[in-house]
Amino acid sequence: MKINVLFASCIIALTSFSAAAQQPQGSLQIIDTLALPVLPETPTFHNHNYVFKARLDSIQKMVPLSYNEHVQKYIDVYSSRKDMMGKMIGLSDYYFPVFEKALKFYNIPEEIKYLPIIESSMNAHAVSRVGATGLWQFMFATAKDYGLNMDNFVDERKDPIQASYAAAAYFKDAYQELGDWLLAIAAYNCGMGNVKRAIIKADSHDFWEIRPYLPLETRNYVPAFIAALYVMKCSGQHQIKAQASPFVKNTDTIHVNRFVSLPQLAMALSIEEDALCSLNPSYKKKIVNGTELEPKRIVIPKVNMAQFAEIYEVLNNAELDVNQNVYLASNDDRRVKKKITAKPAAAVSYHKVTPGQTLSAIANKYNVEVQDLKVWNGLKSSSIVPGQKLKIHNPEPAKRKKSAIHG
């Protein structure tokens with residue numbers, strides 16, 4: 001609370017959470033996170049292990065942890081990757097409390113926190129071959145649907161906290177739609193549409209019965225999730241040693257309402273620049289673009305009194321020679337990009353709000369999203385008033401949406 005007072009002009013809030021500070025992840029860097037091995041179907045279950053089944057039964061909570069030949073294959077894979085799983089245990093010290101808080105907020109089973117292991121190996125900078133990004137591997141469009149922001153300064157898919165809440169919200173919707181946690185997990189991988197079609201074809205709501213009708217990756221996804229959870233929980237029985245956490249203990253969260261340089265802040269904090277940036281992986285330019293309307297969060301190691309003066313200077317008085325205009329990021333879905341014919345961007349224009357006009361009506365007029373209008377104009381809500389001028393980027397009536405969808 002003392003820090004909050006000292007930084008009053010810049011810091012909106014200061015909270016602590018029991019997390020550790022992330023260091024550079026070194027060997028954990030993954031370019032294509034689809035590291036999920038595709039294993040051949042096994043016609044017979046020759047290595048059935050009653051001990052594994054008993055252990056799965058003992059750790060089962062809300063998500064059914066079935067044991068069968070598909071799960072056994074992935075137990076074999078993950079239990080043999082002792083170095084990788086040892087690192088996962090170390091990373092879980094930092095990330096699991098973050099995941100658990102978000103999952104609890106939406107009343108989602110705690111077991112879902114193991115999903116980022118098979119999604120991204122818990123690498124916040126992971127990007128798949130099709131553009132899925134971050135710990136939870138959000139595609140651009142899905143991320144926008146769940147309130148994540150991507151612009152020229154920030155990619156919230158890489159923000160452990162923001163992305164975890166978005167993932168939890170997705171699971172809430174998926175469970176409400178499908179009524180089964182294994183189906184919700186499958187939907188997280190291939191989409192609810194694919195799962196619903198498989199349900200119809202199989203005439204069943206049992207994941208293992210609809211499994212043959214799902215995309216190949218998804219058939220393996222759920223067994224891999226169960227196996228990863230099992231190996232994390234039973235690491236000792238498989239001679240997997242937890243590696244030291246790559247994070248420092250004890251962090252604070254501050255919110256800033258102005259642009260702040262992470263390298264300058266790292267210097268004031270007397271820590272390595274990479275260490276601070278890895279605590280804040282969503283900021284693309286190592287600049288935190290906080291504003292009065294949209295304060296931004298920075299995670300920092302706990303500070304001591306001797307550092308306050310320098311930190312205060314960076315947070316409140318340091319000037320940045322950077323173009324502070326914020327532009328919404330374009331869709332980085334590589335599947336979509338292949339279909340879109342490149343065309344020159346149109347200029348920015350302005351729309352004057354007329355009486356009775358809503359933000360939604362204006363978005364439809366210009367074939368843009370309401371969220372885009374909010375970002376371009378710094379709007380916190382959908383409230384607008386007659387006479388208000390709104391900035392419109394690349395207005396191409398009746399063309400923009402069509403070209404993005406139909407190529």
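Start by selecting Y188: at 12% relative accessibility, Y188 counts as buried (buried means under 20% relative accessible area, exposed over 50%, partly exposed in between, with a 1.4 Å probe and protein chains only). The model is predicted, so local features need pLDDT of at least 70 and side-chain atom pairs count only at pLDDT 80 or more, while totals for chains, interfaces and linings use all residues. Residues are numbered from 1 along each chain as its sequence is written, and side-chain values use heavy atoms, with hydrogens and water left out.

Next, select W136, which is buried with a relative accessible area of 0%. F99 is buried as well.

The structure holds 17 aromatic pairs (rings of Phe, Tyr and Trp, the last by its six-membered ring, pair if their centres lie within 6.5 Å; planes under 30 degrees apart count as stacked, over 60 as edge-to-face and the rest as tilted). Show F99 with W136: the ring centres are 5.2 Å apart and the planes stand at 70 degrees, so the pair is edge-to-face. F99 lies in helix α4 and W136 in the loop between α5 (115–120) and α6 (140–145), 37 residues apart. Helices (H or I, at least four residues) and strands (E, at least two) are DSSP runs, numbered from the N terminus.

W136 also pairs edge-to-face with Y188, at 6.4 Å centre to centre and 75 degrees between the planes. Y188 sits in helix α8 (residues 181–190), 52 residues from W136. To widen the view, select the aromatic cluster that includes Y94, Y95, F96, F99, W136 and Y188.

**Helices α4 and α11**

Now select α4 (residues 82–105) and α11 (residues 216–233), whose axes come within 10 Å and cross at roughly 90 degrees. Axes are lines fitted to C-alpha atoms, for helices over the stretch in contact, and angles run from 0 to 180 degrees between N-to-C directions.

Show side chains here: M85, M88, I89, S92 and F96 in α4 meet A228, V231 and M232 in α11 (contact means heavy atoms within 4.5 Å).

**Confidence**

Finally, colour by pLDDT, the predictor's confidence in each residue, from 0 to 100. The protein chain averages 83, and 83% of the residues score at least 70. Over residues 396–407 the pLDDT is below 50. Where pLDDT is low, the predicted coordinates should not be read in detail.
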